[in-house]
Every structure is written in C-alpha cells, then in structure tokens.
Amino acid sequence: MIGDGCLPNVVTYNVLINGLCKADSVDTAGLLCKEMLIRSFCPNEVTYGSFLDYLSMGGNMEEALKLHKVMLEELLANTVTYNILIKGFCRSGRTKDANDLLVEMDSNGLSPDCVSYSTLIHEYCRMGDLWEAFKLWDIMLERGVKPDEVAYSLLIRGCCVNGDMKKAFELQDEMRKTINWDVCDSLISASVVST
C-alpha cells in the first residue's frame, strides 16, 4: 500500500485493527495501534472499540472495564462502547452488571438506545425471565426509545418460547401498527417456526 504511494490514515488503521481483533490476532493489532501513534495518528473510539469488543467477546470483562474506564477518561466512550460491554456481560451471564451499565450511561451523560435495551431484553427472555424483560421494555418506552423490528421480534420470540402466546400476539398487533407489515409477518413467522 505504502509502496503504491497510498499512505494509511486513521480509517485504514481502524479497519486493519478491527479485522485483526476479530481474527484473534490482538498482539498484531496492538502493534498497529503503536504504529499509529508513531505516525502521529490518534487512536479513537473505533480503534479502542475493536479491542473492547475483542475483550468482551472473549469474556474478559474485567480487562474490558479497565479499557472502558480509560475511554471514559479520554472522552472516547459512547453508546456503542457501552453496548459492547452490555453484550459482553449478557454473554457472560452477568445481567446485573449489564443492567448497571444502563444506569452508568445516564450518569456519564449518555442515553441507552434500542440496542442497549434489546440486548438485555433478549438475555432476560433467554433466561425465561419475561417479567424483567417487560420491565425493561416499559422503561425503554417511558424514556422515549422506539423499539425497532429486532426489539419486537426478540420479545415476541421470548414470549413464544416461554409459553405466553397471548402476550406474543398483543406485541404482534402493536408491532403491526408501527412497523412495515411485510417485515412484521416475516419476523413473526421466523419466531414461531424457530420455537
């Protein structure tokens, strides 16, 4: 690339670092991050987000939290980085820690989005805890966060899997009022078929 007269920039480095982290080559990704600094490019939230995702997906949540703390101090943390941590905690079965992050987001001036809530709602449904899933759903709606097709389908599927078909059909009706009918029917069919 450099031999062809095309110099890397922050985006180039971020793409390479992200790919290396996903390929479990985090040591090489770390070297590229150091090279960025040597070339006077500042790693940004995307750069650190790749490492954060690597740590979270590997279940190394304590290291992920340390990195996120640095990101908070450097004002690089955002809703996406919190969502990475929420997903990591859910994958590790630590729903209380994931839920605590929703509160922490507010204290750091960030608002949870549909993905933040949906990730945790999905985990509660997977655990068979529809009460907590609906409690969080209600909080999401009260805060003015509009559920998308994925959010609806996760909760509808959770209702189906946990035997609450009445609530699943109520959600389907609600979803039909707010979301494209074709998408709605496809998601409902897929949810019911996979149960």
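Reader: How many aromatic pairs does a search of the whole structure find?

Author: The search of the whole structure finds two aromatic pairs. Rings of Phe, Tyr and Trp (its six-membered ring) pair if their centres lie within 6.5 Å; planes under 30 degrees apart count as stacked, over 60 as edge-to-face and the rest as tilted. Tyr13 and Phe41 form a tilted pair, 5.9 Å centre to centre with 50° between the planes. This is a predicted model, where local features need pLDDT of at least 70, side-chain atom pairs count only at pLDDT 80 or more, and totals for chains, interfaces and linings use all residues. Residues are numbered from 1 along each chain as its sequence is written, and side-chain values use heavy atoms, with hydrogens and water left out.

Reader: Which parts does the pair of Tyr13 and Phe41 tie together?

Author: Helices (H or I, at least four residues) are DSSP runs, numbered from the N terminus. Tyr13 lies in helix 1 (residues 10-22) and Phe41 in the loop between helix 2 (26-38) and helix 3 (45-57), so the pair joins parts 28 residues apart in sequence.

Reader: Is Tyr13 buried or exposed?

Author: Buried means under 20% relative accessible area, exposed over 50%, partly exposed in between (1.4 Å probe, protein chains only). Tyr13 counts as buried because its relative accessibility is 1%. Phe41, at 23%, counts as partly exposed.

Reader: Why is the pair of Trp137 and Tyr152 edge-to-face?

Author: The ring centres of Trp137 and Tyr152 are 5.2 Å apart and the planes stand at 70°, so the pair is edge-to-face. Trp137 lies in helix 8 (residues 130-142) and Tyr152 in helix 9 (residues 149-161). Both Trp137 and Tyr152 are buried.

Terms used: Helix = DSSP H or I, 4+ residues; strand = E, 2+ residues; numbered from the N terminus.
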